[in-house]
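Me: Please take a close look at the aromatic pairs in this model. Which rings pair, and where do they sit?

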Amino acid sequence: MIFYGAFFVILAVRLRGMLDPRLLGVALASLMLTVLLDSIENHHIMTLVHSIEAGLPVSPVDGELQMIASQVKFHASYLGVLLFSFGFLQFGRLGRIIAIALWCYIPCGVLISVMPVEQAKNAGARPHDLLCRRLHPVGDPVPFKGRHVRKPRTGYRHPALATKGIFMTVTSIVTIAGRSLLALLFILAGIAKIAGPQPFLDHMAEHHIPGLLLPLVILLELAAGTALLLGWRLPFSAGALALFCVATAFGFHFNLAEKAERTLFIKDLAIAGALMVIAASASAAVPVAATG
């Protein structure tokens with residue numbers, strides 16, 4: 001961790017003249033957050049392993065905290081890598097190849113880090129099972145039950161179960177991809193407002209909206225967008241972003257006489273509709289998972 005943390009500090013110094021200083025700062029901060037969370041996660045995992053070996057029960061809260069820390073760590077690293085990749089574009093052909101490789105790595109990494117948890121959620125797994133998905137993402141969920149640990153089942157699987165598993169996998173991929181595309185819209189918008197706030201302040205003043213609201217907008221876009229990307233508290237994060245899109249549509253694009261504004265108005269409402277579907281689906285799924 002010390003090695004790759006130092007590597008990214010050196011890389012940030014090397015790219016200092018090729019990236020906007022604020023974007024470079026966000027990238028380096030994201031990767032330093034990754035180093036910090038990696039250290040905490042390793043210590044936490046070893047504590048959980050020792051507890052299991054000693055026959056002590058693992059609290060569901062520990063499992064939830066472990067998953068949240070892991071998801072934040074992974075996605076912080078993806079954000080940092082994404083921003084650093086734009087600096088490699090300045091290094092000629094080799095730099096462009098490296099940048100493209102990093103862009104391909106990011107969606108694959110998102111699927112690898114999120115897919116096991118999504119599959120376990122779809123199967124109605126409890127926090128104990130979700131923790132085991134984090135610790136053993138390749139195998140089936142292994143529930144922790146005090147002094148008794150059930151080993152993952154292996155061997156023959158009924159064809160109907162295999163078909164159901166394939167369907168759940170495809171559903172999880174589509175769900176994660178769609179949710180990530182919506183989340184990136186807000187996360188990148190928040191980063192753009194941090195990098196260059198003046199055009200947004202001018203646009204707000206033009207529509208008689210106080211500029212003091214811009215920090216709150218940035219906080220909402222980054223916080224709720226990240227929660228949407230991680231799949232955390234979806235009813236609240238997706239619902240908040242849906243309300244934000246509706247407010248944006250009526251506050252900035254309600255001039256329906258102009259074709260461009262009418263298109264933006266409908267686009268904001270369409271995005272709000274998609275977020276409402278996510279919020280409603282997540283709310284409906286909560287009681288089912290609780291009884292599983």
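Reply: Start with burial: a residue is buried under 20% relative accessible area, exposed over 50%, and partly exposed in between (1.4 Å probe, protein chains only). This is a predicted model, where local features need pLDDT of at least 70, side-chain atom pairs count only at pLDDT 80 or more, and totals for chains, interfaces and linings use all residues. Residues are numbered from 1 along each chain as its sequence is written, and side-chain values use heavy atoms, with hydrogens and water left out.

Now the rings. Phe, Tyr and Trp (its six-membered ring) pair if their centres lie within 6.5 Å; planes under 30 degrees apart count as stacked, over 60 as edge-to-face and the rest as tilted. The whole structure holds 7 aromatic pairs. One of them joins F8 and F84. Their rings are stacked, 6.1 Å centre to centre with 5° between the planes. F8 lies in helix α1 (residues 2-14) and F84 in helix α3 (residues 60-88), so this pair ties together parts 76 residues apart in sequence. Helices here are DSSP runs (H or I, at least four residues), numbered from the N terminus. F8 and F84 are both buried. They also belong to one aromatic cluster with Y4 and F7.

F74 and Y78 make another stacked pair, at 6.5 Å centre to centre and 20° between the planes. Both lie in helix α3, 4 residues apart, so about one helical turn separates them. F74 is partly exposed because its relative accessibility is 27%. Y78 has 6%, so Y78 counts as buried.

The charged end of K73 sits over the F74 ring, 4.6 Å from its centre. That label requires NZ of Lys or CZ of Arg within 6 Å of the ring centre and within 35 degrees of the ring normal.

Note on methods
Helices (H or I, at least four residues) and strands (E, at least two) are DSSP runs, numbered from the N terminus.
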